[in-house]
Amino acid sequence: MAHVESVAGAIGKIAGAWTPDRRAAARRAAWLHDAWRNATVEQSVAVIRSAGEEPDPWAFRHAPVLLHAQAAAAWAPTATGEADPEVLLAVRHHPTGHPDWGAVGRALYVADFCEPTRAFAAALQTDRLLERAASGSESLAAVAFEVLALRLRRAIDGNRPIHPDSIRTWNAWVERPERE
Ligand SMILES: [Fe+2]
Ligand SMILES: [Fe+2]
């Protein structure tokens with residue numbers, strides 16, 4: 001919960017100069033994103049299926065912890081009334097990145113990684129990344145790209161598999177990181 005509050009605070013900074021409507025959408029994405037983070041894999045699978053979806057087969061097989069994101073996105077419309085497609089896309093793919101993201105997805109991705117309670121916050125100077133992400137949409141895209149590179153590096157160093165969506169996002173952003 002401390003993490004979620006901290007993500008909401010960080011996203012509030014990133015979205016500080018946005019329109020009130022988009023800022024509110026970004027904050028809702030922050031509050032929703034880890035709603036299923038403490039659920040078991042079985043609970044996540046159950047809520048995904050009860051929403052009429054099948055669990056992401058790659059996540060199910062290689063990294064079931066990722067299913068908390070799909071669970072939150074599948075659960076939110078009926079449980080909370082969330083209907084903003086940008087919010088739901090941000091929540092659904094927040095651990096991996098997604099090539100179709102606009103500003104809300106990128107802001108959640110940056111805030112989730114850069115919020116100050118992360119153990120690596122000081123070592124990676126994530127406060128500086130957050131400041132830059134708040135300074136305009138091109139800076140947000142550039143910082144999201146940097147966060148993706150940091151996360152890929154951590155996965156490689158930790159000998160962990162990389163979700164295909166992260167690779168697709170890398171390929172989309174490396175050519176046009178500023179794309180909206
Ligand atoms: Fe998460
Ligand atoms: Fe999170």
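Mentor: Buried means under 20% relative accessible area, exposed over 50%, and partly exposed in between, with a 1.4 Å probe and protein chains only. This is a predicted model, in which local features need pLDDT of at least 70 and side-chain atom pairs count only at pLDDT 80 or more, while totals for chains, interfaces and linings use all residues. Residues are numbered from 1 along each chain as its sequence is written, chains are lettered from A and ligands numbered from 1 in the order in which they are written, and side-chain values use heavy atoms, with hydrogens and water left out.

Asp 34 and Asp 112 are buried, and Asp 34 in particular has a relative accessible area of 13%. Asp 34 coordinates the iron ion (ligand 1) as well as the iron ion (ligand 2), and these two ions are 3.7 Å apart.

Consider ligand 1 to begin with. Its protein donors (N, O and S atoms within 2.8 Å of the metal, or 3.2 Å for Na, K and Ca; water is not among the atoms, so sites may look incomplete) are Asp 34 through OD, His 68 through NE2 and His 94 through NE2, lying 2.1 Å from the iron ion. Along the sequence, the donor residues of ligand 1 follow the spacing D-x33-H-x25-H. Distant parts of the chain are linked here: Asp 34 belongs to the loop between α2 and α3, whereas His 94, 60 residues apart from it, belongs to the loop between α6 and α7. Helices are DSSP runs (H or I, at least four residues), as are strands (E, at least two), numbered from the N terminus. His 94 counts as buried too, at 2% relative accessibility.

Turning to ligand 2, the iron ion has His 3 (NE2), His 33 (NE2), Asp 34 (OD) and Asp 112 (OD) as protein donors, at 2.1 to 2.2 Å. The angles among these 4 donor atoms run from 82 to 177°, and the site is irregular. Four donors count as tetrahedral if all angles lie between 85 and 135 degrees; four count as square planar and six as octahedral if opposite donors are over 155 degrees apart and all others between 65 and 115; anything else is irregular. The sequence spacing of the donor residues of ligand 2 is H-x29-H-D-x77-D. Asp 34 sits in the loop between α2 (20–33) and α3 (41–50) and Asp 112 in helix α7 (residues 103–114), so this pair ties together parts that lie 78 residues apart in sequence.

His 93 is buried, with a relative accessible area of 13%. Apart from neighbours within four places in sequence, His 93 is in contact (heavy atoms within 4.5 Å) with His 98, Trp 101 and Asp 165.

The surroundings also include a pair of helices, α5 (residues 67–80) and α6 (residues 85–92), whose axes come within 7 Å and cross at roughly 155°. Axes are lines fitted to C-alpha atoms, for helices over the stretch in contact, and angles run from 0 to 180 degrees between N-to-C directions. The crossing makes α5 roughly antiparallel to α6; angles under 35 degrees count as roughly parallel, over 145 as roughly antiparallel, 65 to 115 as roughly perpendicular and the rest as oblique. On the α5 side, the contact is made by Ala 69, Gln 70, Ala 72, Ala 73, Ala 74, Ala 76 and Pro 77, and on the α6 side by Leu 88, Val 91 and Arg 92. By class, 8 residues of this contact are nonpolar, 1 is polar and 1 is charged.

Pro 161 is in the loop between α9 and α10 and is partly exposed, with a relative accessible area of 47%. Not counting residues up to four places away in sequence, Pro 161 touches Trp 58 and His 62. In the loop between α9 (137–157) and α10 (164–175) one also finds Asn 159, an exposed residue with a relative accessible area of 72%. Phi of Asn 159 is near 60°, a positive value in a residue other than glycine.

Notes. Nonpolar A, V, L, I, M, F, W, Y, C, P; charged D, E, K, R; others polar.
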